[in-house]
Amino acid sequence: MAYLELRQVTFSYPRKMKPALTGINLNFEKEEITAITGPNGCGKTTLTKLMIGILKATEGEIYLAGRPLTDYSLAEIGSRIGYVFQKPDLLLFCSTVAEEIGFGLTNRGCDPETVQKRIKFYLDYFELTDYRNDFPLHLSQGEKERLAIAAMLANEPEFLILDEPTIGLDAYRKKLLENYLKKIARLGRGMILVSHDAPFVNRLAERVVFMADGRIQVCNERKGNDGYEA
Ligand SMILES: Nc1ncnc2c1ncn2[C@@H]1O[C@H](COP(=O)(O)OP(=O)(O)OP(=O)(O)O)[C@@H](O)[C@H]1O
Ligand SMILES: [Mg+2]
């Protein structure tokens with residue numbers, strides 16, 4: 001059984017004639033790293049928003065761990081799938097960087113000592129310690145991206161969806177992110193990376209889904225992380 005399964009999914013935004021997505025059939029395994037790529041406006045972000053239930057399919061079905069996605073509340077989906085938005089600013093709402101990282105854990109009733117330990121770890125790893133008391137929206141774009149990723153990772157979700165996670169990251173920070181994602185993938189936590197960053201995708205993904213004009217064009221299976229097999 002696939003972790004996430006999309007069957008004949010079509011989606012239209014209100015007041016738009018042309019569907020943003022048409023006839024999408026895709027499976028995602030729980031331990032697999034899949035990249036989704038394709039030109040601007042082809043429907044990548046729309047597709048991932050459907051997978052976390054913030055948009056509802058116009059036609060077709062989506063299953064999460066074998067159950068229809070419509071059976072889950074948004075909070076239930078959010079506790080299983082960590083999502084980093086393409087524009088992370090929209091989801092930063094705490095008054096300090098440290099609070100932002102601990103927010104999800106505190107909300108889930110995690111004990112304060114564990115929350116503090118995790119905050120410290122993620123501040124260190126993503127080099128945000130100097131900004132721990134700063135207002136999140138005052139960070140630079142790359143710092144905000146790292147904070148959004150750190151805040152999502154701190155919750156230790158079983159599956160991750162990152163929409164353009166490398167935008168705004170310099171080469172060194174990109175490498176740090178890549179190493180971290182590889183590490184958690186080895187621990188069995190799969191992910192979907194939406195990205196135009198071909199070298200990043202080539203180094204990480206086991207499978208690449210190419211989209212164009214709201215449809216799946218090609219799905220390339222890859223055996224290792226060291227380059228395309230075919
Ligand atoms: N809220 C919205 N209302 C109406 N149309 C939308 C909305 N969001 C996206 N669209 C349209 O749906 C299509 C797919 O958009 P989407 O954001 O999913 O593309 P994308 O592949 O993520 O592009 P990018 O590479 O630029 O991030 C586009 O034609 C876009 O104009
Ligand atoms: Mg997008």
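**Exercise 1.** Determine how the shell around ligand 1 divides by residue class.

*Solution.* By class, the shell holds 4 nonpolar, 7 polar and 2 charged residues. Here Ala, Val, Leu, Ile, Met, Phe, Trp, Tyr, Cys and Pro count as nonpolar, Asp, Glu, Lys and Arg as charged, and the others, Gly among them, as polar. The model is predicted: local features need pLDDT of at least 70, side-chain atom pairs count only at pLDDT 80 or more, and totals for chains, interfaces and linings use all residues. Residues are numbered from 1 along each chain as its sequence is written, ligands are numbered from 1 in the order in which they are written, and side-chain values use heavy atoms, with hydrogens and water left out.

**Exercise 2.** Identify the polar side-chain atoms that lie beside ligand 1, and state how much of the ligand the protein buries.

*Solution.* Begin with the oxygen atoms of ligand 1: a polar side-chain atom of Lys 44 lies 2.7 Å from one oxygen atom, and for Gln 86 the distance to an oxygen atom is 2.8 Å. Next, a polar side-chain atom of Lys 16 lies 3.2 Å from a nitrogen atom of the ligand. Finally, ligand 1 taken alone exposes 640 Å², and the protein buries 63% of that (Shrake-Rupley method, 1.4 Å probe).

**Exercise 3.** Is Ser 195 buried or exposed, and where does it lie?

*Solution.* First, Ser 195 lies in the loop between strand E8 (191-194) and helix H7 (198-204); helices (H or I, at least four residues) and strands (E, at least two) are DSSP runs, numbered from the N terminus. Second, Ser 195 counts as buried because its relative accessibility is 1%, where buried means under 20% relative accessible area, exposed over 50% and partly exposed in between (1.4 Å probe, protein chains only). Third, a polar atom of the Ser 195 side chain lies 2.9 Å from the backbone nitrogen of Asp 197.

Methods: Polar contact = N/O pair within 3.5 Å; in protein donor to acceptor, adjacent residues only side chain to side chain.
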